[in-house]
Amino acid sequence: SDANAVREEESVVFDQPFPILDLPKEIMTNIIRKMSMKDRASFALVNDYLNELEKKAGHRSFESLTFVQRSDGKIMIDNISLADKCNQSTSAD
């Protein structure tokens with residue numbers, strides 16, 4: 001039946017890699033700011049241009065940070081987006 005039929009998903013296939021270096025610097029900087037520090041370090045190693053963009057991106061920004069003290073006394077930092085907090089509060093209601 002139609003309900004059991006598996007619908008084939010359309011996919012986009014590029015003949016060439018996405019030209020990320022053609023993106024405007026402002027967009028690249030915003031992308032870099034969302035990356036983890038590990039990814040930023042790897043990204044900066046690709047070439048001099050990306051290294052300079054990573055430096056100009058400045059510190060990584062978070063929507064919110066939560067500090068939690070564990071039972072062993074160590075303090076953990078958890079970054080939770082505001083959207084995640086909203087989803088948590090609405091699911092608890």
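In which segment does L21 lie? The points below begin with that residue; the model is a predicted one.

1. L21 belongs to the segment before α1. With a relative accessible area of 46%, L21 is partly exposed, because that value falls between the 20% limit for buried and the 50% limit for exposed residues.

2. L21 also contributes to a nonpolar surface patch of about 370 Å², which it forms together with F18, I20 and Y49.

3. Helix α1 spans residues 25-34, and its buried residues are M28, T29 and I32. These residues lie on the same side of α1, because they cover an arc of only 100° around the axis.

4. On the face of α1 turned away from that buried side, the exposed residues E26 and K34 are found. The buried residues of α1, for their part, pack against two helices, α2 (37-44) and α3 (48-56).

5. Helix α3 contains E54. Is E54 buried or exposed? Its relative accessible area is 15%, so E54 is buried, the cut-off for that class being under 20%.

6. When neighbours within four places in sequence are left aside, E54 is in contact with I32, R40 and A44.

Terms used
Residues numbered from 1 in each chain as written. Predicted model: local features only at pLDDT ≥ 70, side-chain atom pairs only at ≥ 80, totals over all residues. Heavy atoms only, no water. Buried < 20%, exposed > 50% of the residue type's maximum accessible area, 1.4 Å probe, protein only. Helix = DSSP H or I, 4+ residues; strand = E, 2+ residues; numbered from the N terminus. Arc of directions from axis to C-beta. Contact = heavy atoms within 4.5 Å. Patch = residues over 30% accessible without salt bridge, like charges linked within 9 Å, V, L, I, M, F, W, Y side chains within 5 Å. Areas by Shrake-Rupley, 256 points an atom, 1.4 Å probe, with all protein chains shown as cover. Salt bridge = Lys/Arg side-chain N within 4 Å of Asp/Glu carboxyl O.
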